[in-house]
Each structure stands twice: as C-alpha cells, then as structure tokens.
Amino acid sequence: METMGIIFSNIYDSYMGALTEIRTSASIPVGGRYRQIDFILSNMANSGIRHIGIITKYNYQSLMDHLGSCQEWDLQLSTNGVVFLPPFATGHTGIYRGKLEAMQTALPVLESGNQDYVILADSNVMCAIDFREVIERHVESGCDVTVVAKAGLTDGKTTQHFALRIDGNNRAVGMGVDYNAPVGDLVGMGMFVMSRKKLIETIQETVPHGKYHLERDFIMEEFNAKRLSVNVYPFQNVALFNQSVESYFKNNMAMLQPEVRRSLFRSEVPIYTKVRDEVPSHYGPDAQISNCMVADGCRLDGSAENSVIFREVTLEEGCQVQDSIVMQGSVIEKGASIQYTILDKNVTVKSGTKLLGSPDHPLVIRKGVTV
Amino acid sequence: MYFQKKRIVAMLLAGGQGSRLKVLTENTAKPAVPFGGKYRIIDFPLSNCVNSHIDTVGVLTQYQPLELNEYIGNGQPWDLNSSHGGVSVLPPYARSKKSDWYKGTANAIYQNIPFIARYNPDYVLILSGDHIYEMDYAKMLRYHEKMEADCTIAVRPVPMEEASRFGIMNTNEDNSVYEFEEKPKHPKSNKASMGIYIFNWSVLRKFLEEDEEDPKSENDFGKNIIPNLLGAGHKLYAYEFEGYWKDVGTINSLWEANMDLLGDHPNFNIYGSNGHKIYARNNAMPSGYIAKGAEIADSFVAEGCEVYGTIRHSVISTGCTIGKGAEIRDSVIMPNVVVENGARICHAIVAEDCVVKAGSRIGEDQEGTLEELKISVIGKGKTIAEGAVVAPGEII
C-alpha cells in the first residue's frame with residue numbers, strides 16, 4: 001500500500017525549555033547520538049515510505065543541517081524522498097497554531113502525491129514501529145482515521161494531550177484532549193493514519209473556519225458529532241514521550257535499561273542518524289564508567305555513572321558525572337562534578353565547578369556556555 | 001560521453017590475496033579486513049585521497065571482491081560518489097583478445113589504461129590497499145612538480161640493520177634515485193619504498209606498454225617498471241615521509257597496528273593532527289552501553305557495544321557484546337563478536353561475527369618482542385565452544 005508521511009517538527013517546542021531555544025524539538029539530541037526526529041523518520045523509512053514532508057516553523061536550520069540529503073535514511077531519491085515544508089504565509093495566513101493549520105503548507109505536496117494513505121506523526125516519541133502493520137490494521141478497520149496509542153500510561157491525575165477509550169475491537173468509544181485520563185484509557189502517540197483524499201478534504205473544509213488543532217478541532221469534534229469513525233492501533237512496545245524537560249531527562253535515563261534498548265534498537269529496523277565519522281571512544285587508564293551510554297569520539301579519563309554521554313565528549317581525569325546527560329562536544333574538566341544536569345552541546349564545566357540539579361528538575365546548561 | 005580532464009587519478013591496488021593474514025582473508029580481500037574498531041584497511045588510502053583533494057580513484061580488485069565491492073558501493077562515505085570521477089571498482093574483465101587476470105601490479109594498471117586515459121590526467125598516483133597511515137598526497141605531488149620528476153616514490157627511514165628486508169631506494173644528495181634494490185644483502189641506504197608512486201601519465205603509459213611486450217617481465221612496479229625508468233635515464237625522486245605508516249600484511253603487524261592506536265601518546269594518533277578524518281561506511285548502531293561493574297582501561301570501544309566485563313589495552317569494534325566476568329587484554333575484537341560471561345581473551349585477534357562461549361580461553365598473557373608474540377586468531381563467524389582453550393598462536 002503506497003503511503004506518504006507528514007512529520008511535524010516543532011509542535012512541542014514550547015514545552016522543552018532551553019533545549020528548543022536554538023532548535024526545533026525535532027532536532028533535540030537524544031540517546032547519545034540521535035536527534036528526536038531520527039526515530040520517526042527511520043520508522044517511516046523502515047516501513048517503506050518513500051515520500052515524506054517535514055513541516056517546520058522556525059529554528060529549523062539545525063534540522064536541515066542534520067538531515068542533509070537524507071542519504072543515511074536511504075531517502076535521497078530522484079522521485080519524492082524528503083521535502084521540507086516551511087510555513088506558507090500569505091496576507092491571510094500566518095504562522096500556524098496547530099497541526100491542522102500547519103498542514104495547509106503541505107496541501108500542494110498532498111495533492112501532487114499518488115499515495116492512498118498518509119501517516120501524520122509528531123517527532124517527539126521514541127519507539128520502533130512498523131507502519132506497514134498500522135496501515136493494514138487501518139484498512140481492515142474500515143474507519144476514517146486510525147490513531148496509534150499506548151496503554152498503561154494513564155493514572156487519572158496526569159494531563160494527557162490526547163487520550164482515547166476503546167471497545168473490544170479497538171474502535172474509539174470516547175476521547176479527550178488535555179484531559180486527566182483514568183486508568184485504562186490509551187494515550188495517543190501523535191501518529192495518525194488517514195486516506196490522502198480524506199486528509200485533503202479535511203484541511204480544505206476545516207482550516208478556513210479557523211480550526212487548527214488536529215485532535216481537538218477535527219478528530220474529537222467530528223467523532224463527537226458522529227461524522228468520523230476512529231480506529232485505535234494499540235502499540236505494544238516501548239514508547240518514550242518527550243513532552244517536557246523532565247520527561248526528556250527520564251527517557252534518556254530509561255535507555256540505560258537493556259529491555260528499553262532492545263525494544264528501540266533492533267538490527268532489522270535500525271534507527272539512522274547523521275554520520276559524523278568520529279573515531280571510537282577512548283577509555284584512559286583511570287576511566288571509571290558505570291551504567292552509561294557512550295557514543296563515538298569521546299576521550300574518557302574521568303568517571304561517569306548512570307549517564308548518557310554524546311559524541312566527542314571529554315571527561316578529564318578526576319571529574320565526576322552522575323545521573324546526567326552530556327551532549328556532543330562538551331568538556332568536563334579535572335575535578336569538576338555534575339549531577340542531575342543536562343549539558344547542551346559544547347558546554348565546558350571548569351575545574352572545581354559543581355553542578356547539581358534534581359531528578360525532577362534537572363539543571364540545564366545552554367549550548368556553548370562555560371560554567 | 002564527456003570526461004572531465006583530471007590533474008591526477010589515483011589507482012588503488014586492492015586485489016592481493018593477503019595469504020599471510022590466513023583465516024582473516026579466507027573469504028575476503030585484505031583491504032576489506034576490519035581495523036581500529038570501526039574502519040577497514042581500505043578506508044585509510046581512500047580517506048587520504050579525499051583529504052588530499054583527489055576525486056578520481058580506481059580500485060583494482062581481483063581476489064574475493066564481493067565484500068570489498070559492497071563496502072565501497074557508490075563511494076558516498078568518502079564523498080567519492082561524484083558524477084565526474086569518484087570511485088570506480090575495476091575488476092579484471094574478459095575482452096575480445098588477451099583477457100587475463102591481473103598478473104602483477106604493473107599489469108593490473110596496464111589493463112586499466114583505458115580507464116585512466118578517459119580522464120587524460122597529468123599524473124597517476126599508485127597506492128596499495130594494505131597500508132595503515134595518514135598522508136597528504138597533495139604535498140607529495142607538489143614535491144613531484146617542484147623536482148620536475150617523471151616518477152616520485154614515497155620512502156620512509158627504516159633502521160639500517162633492518163633495511164635488507166625492504167625495497168630500498170639509493171639516492172643522491174638531492175634525493176634523486178640512482179638505484180632501486182629489492183631486499184639488498186648489503187643496503188646502501190635506509191630509505192624503504194612505501195609502494196606509493198606518482199608518475200607522469202605519459203611516461204607511465206609508455207613504460208606499461210613496453211613492459212607488457214616483454215615476456216620475461218614479472219609486470220611488477222618494484223621489479224620492472226622502476227628499474228626500467230632508471231635504466232632509460234628518467235628522473236626519479238624519493239619523497240621522504242616521516243609520519244606513521246604500517247604494512248599490515250601479517251597477523252602480528254595487523255595486531256601491532258591496532259595496538260599502536262592506544263596509549264596516552266599513541267604511535268598512530270587516529271584523531272588526526274590536521275583536522276582530517278578517516279571516513280568509513282557506517283552501520284546504524286546505537287551508542288555503546290557500559291554496564292555497572294564493567295572495567296575499561298586504555299582501550300578503544302566503538303558504538304553498538306555492550307560491555308559488562310573487563311577490557312584492558314584492546315580495540316573493541318562496533319556491535320560487540322562483552323559478557324560479565326569476561327576479560328579481554330591486548331586483543332583486537334572485530335565487529336559483532338559476542339564474548340560470553342567469564343571468557344578470557346589475551347593477545348588475540350577475533351574476527352567478525354564470532355561467538356566466544358562462556359568460560360573459554362583464547363591465547364595467553366605473553367612478554368616479548370613483536371616477532372616472538374604468538375597471536376591467536378579466530379576466523380570470521382567461528383564459535384569457540386564453552387570451556388574450550390585456544391593456544392597462543394593457534395589459528396582457527
């Protein structure tokens with residue numbers, strides 16, 4: 001079944017604090033060597049999707065730099081491949097407020113395609129999903145929309161962006177947006193399937209009436225009016241949602257668990273990323289590394305525990321890194337120590353400096369800063 | 001079709017069997033042998049080409065070319081996927097008359113005269129696919145032009161007492177070559193040829209054609225082409241190279257070259273002093289994971305590894321698992337090897353995709369000179385049974 005992909009690169013920018021000051025949420029570094037978008041883009045590529053539009057808003061330079069010609073994803077194609085879709089602004093349309101409105105910029109691409117179905121996806125969920133199966137289930141269901149969702153995340157207290165309740169046949173029987181969903185409900189993973197034709201009609205019919213929020217103004221509204229049938233694809237494997245600095249921190253730490261890594265990184269469906277040609281990481285005679293993810297190109301002479309160490313990080317002798325995320329190119333000098341801290345790219349922590357955050361409120365040091 | 005004229009074309013000899021690497025080259029060409037955690041030997045000359053702004057490279061393959069061809073692919077990892085030039089894999093091929101395998105290094109280039117001629121280059125650079133080094137060929141070319149040479153040969157100083165093991169260039173004070181001696185009993189100089197030549201294309205072409213007509217020739221650069229050029233009075237110069245260079249043609253030299261990457265002041269600084277990188281085809285592997293209780297000292301560990309055990313003074317390549325209580329010392333572990341709990345590996349090379357079962361032992365801790373060391377070697381895809389013992393120097 002021919003399928004097109006649409007990826008939203010910055011719907012969650014405003015939730016990510018200092019991490020999105022200089023980049024879109026799609027290009028936030030995760031897991032030692034990835035950017036958030038690598039997961040959804042690799043999932044689409046691994047599912048045989050060869051025509052993908054990436055909707056951007058602002059700050060998308062780092063994203064374009066990261067994706068380049070998309071050859072790492074085998075999406076450097078003469079026909080289709082990846083297209084960037086910056087906001088289409090005229091006198092009466094401005095910067096978009098939500099996914100529905102954002103898709104106006106994708107209309108020409110959607111109309112020019114010949115695919116039967118479209119997968120719409122946010123870029124902030126880390127998982128390994130086979131969209132071929134999702135499409136199959138969608139077709140079988142005969143429904144207008146399929147929402148990919150995860151069970152077991154609701155507790156009645158936490159607000160969910162989009163929660164759904166299903167019957168025994170995985171049909172939605174109720175849904176809520178920004179809603180403290182009770183135990184038993186599923187949480188939408190920001191991935192939707194629709195037929196291309198239906199999606200084009202939807203954009204054309206809703207956006208001119210001031211509707212912009214995909215889940216609230218279209219799916220829920222139409223569902224409640226009994227004009228839309230909604231199928232749910234309950235995703236069974238690990239899915240990590242980066243919806244805030246805190247969840248981002250916890251999700252990186254979750255990757256230290258073997259079962260999480262085994263679910264996310266499978267050799268038959270690899271997660272691709274930009275190749276940077278660093279040398280392997282070097283462990284010095286006194287390096288003490290325990291329960292850490294370590295990318296290539298690091299020089300490790302100090303100690304690190306329960307942490308994610310990105311590419312080209314230098315840990316000098318006697319430094320201490322605990323429960324932290326250290327992004328690419330950062331240097332922790334002799335005797336410095338950090339705990340519950342996120343160092344953005346190219347941060348230098350000078351000798352003798354001690355940085356301490358807390359598990360619920362990790363300290364974030366902005367890109368390029370010396371502390 | 002229009003071919004852009006090139007100033008220089010590189011020809012990389014990658015067809016050798018590499019029989020002294022034994023099981024490591026049983027099913028693969030020597031240039032495709034893994035090196036340094038995430039590279040293959042051929043990455044070094046290919047990256048040197050790109051870092052020297054050479055954009056047209058012919059790779060001459062013959063022995064077990066499948067893996068090498070696949071690895072080179074369209075040349076994209078080295079930015080050699082260009083529409084004008086780029087990398088071309090050149091196997092021997094059947095032609096209307098006189099088809100043959102590559103008989104010698106000179107014959108291999110001779111058979112590809114049409115490939116070189118399409119680019120009408122001023123110079124041809126001849127390289128080997130089994131050397132580990134970083135070199136700026138552009139500097140060598142400037143030297144070649146400055147000396148107005150017909151052929152420039154890269155040389156490196158070797159200890160005088162070892163000179164009789166190498167091809168030696170005897171030079172005048174201005175570094176012009178007056179004699180080439182292959183493994184001389186009484187060496188007159190310590191300038192060993194590195195098997196890297198720059199020729200003026202017109203001169204090389206003439207001598208290749210003449211050499212092919214000579215039925216007694218071995219069709220070899222060192223034995224035939226260089227002496228013939230000298231005999232005809234052409235200008236040959238030795239270009240002295242001071243950096244790290246190693247022929248990794250034997251088990252012990254391959255092991256040593258890997259070890260040379262290690263230490264605070266490594267013999268071969270792979271990080272590069274000049275900002276140049278060594279490029280390689282990458283596998284999409286996640287970051288390495290170093291577990292609680294793992295101990296790693298003075299080692300390289302590449303991405304995609306999971307380490308629970310102990311690693312000392314070793315090179316661990318992409319995608320390996322080192323189990324709990326396993327211990328690896330002074331060894332080279334190639335990609336995707338699984339070392340199970342409690343296995344011990346010492347002074348060994350373990351090739352790709354091997355499984356070293358729990359409690360087995362490979363090699364022993366040893367002292368001695370490089371020649372004396374007995375490196376154990378496990379060939380690609382082998383399984384070492386639970387509790388098995390592989391003796392020092394044993395090859396499986």
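**View 1. The lining of the largest cavity draws its largest share, five residues, from strand β11 of chain A.** In this predicted model, in which local features need pLDDT of at least 70, side-chain atom pairs count only at pLDDT 80 or more and totals for chains, interfaces and linings use all residues, residues are numbered from 1 along each chain as its sequence is written. Chains are lettered from A and ligands numbered from 1 in the order in which they are written, and side-chain values use heavy atoms, with hydrogens and water left out. The largest cavity has a volume of about 90 Å³, and of its 15 lining residues A:Y12, A:D122, A:G188, A:M189 and A:G190 are the closest to its centre. At least two lining residues come from each of β9 (159-166) and β11 of chain A, and by class the lining comprises seven nonpolar, five polar and three charged residues. A cavity is a set of points, on a 1 Å grid over the protein atoms alone, where a 1.4 Å probe fits but cannot get out, while a pocket is an open set with protein on both sides within 12 Å along at least five of seven lines, and lining residues have an atom within 4 Å of a point. Grid points are joined across faces, edges and corners, and a volume is the space filled by probe spheres set on the points. Nonpolar covers Ala, Val, Leu, Ile, Met, Phe, Trp, Tyr, Cys and Pro, charged covers Asp, Glu, Lys and Arg, and the others, Gly among them, count as polar.

**View 2. The second largest cavity is lined by residues of chains A and B.**

View 3. Two or more lining residues are given by each of α2 (61-67) of chain A and β3 (39-40) and α2 (65-72) of chain B, where helices (H or I, at least four residues) and strands (E, at least two) are DSSP runs numbered from the N terminus. The lining has twelve nonpolar, twelve polar and 16 charged residues.

**View 4. Helix α6 (residues 196-206) of chain A has A:R196, A:L199, A:I200, A:T202, A:I203 and A:T206 buried (under 20% relative accessible area; exposed is over 50%, partly exposed in between; 1.4 Å probe, protein chains only).** Seen down the axis of α6(A), the buried residues fall within an arc of 160°, taken over the directions from the helix axis to the C-beta atoms, so they line one face of the helix. The face turned away from the buried side carries the exposed residues A:K197 and A:E205.

**View 5. Strands β9 (residues 167-171) and β10 (residues 177-182) of chain B run antiparallel and are joined by five bridges.** Two strands pair if DSSP finds at least two bridges between them. B:G167 has B:E182 of β10(B) as its bridge partner. The hairpin has five residues between the strands, and in it B:N175 takes a positive phi near 70°.
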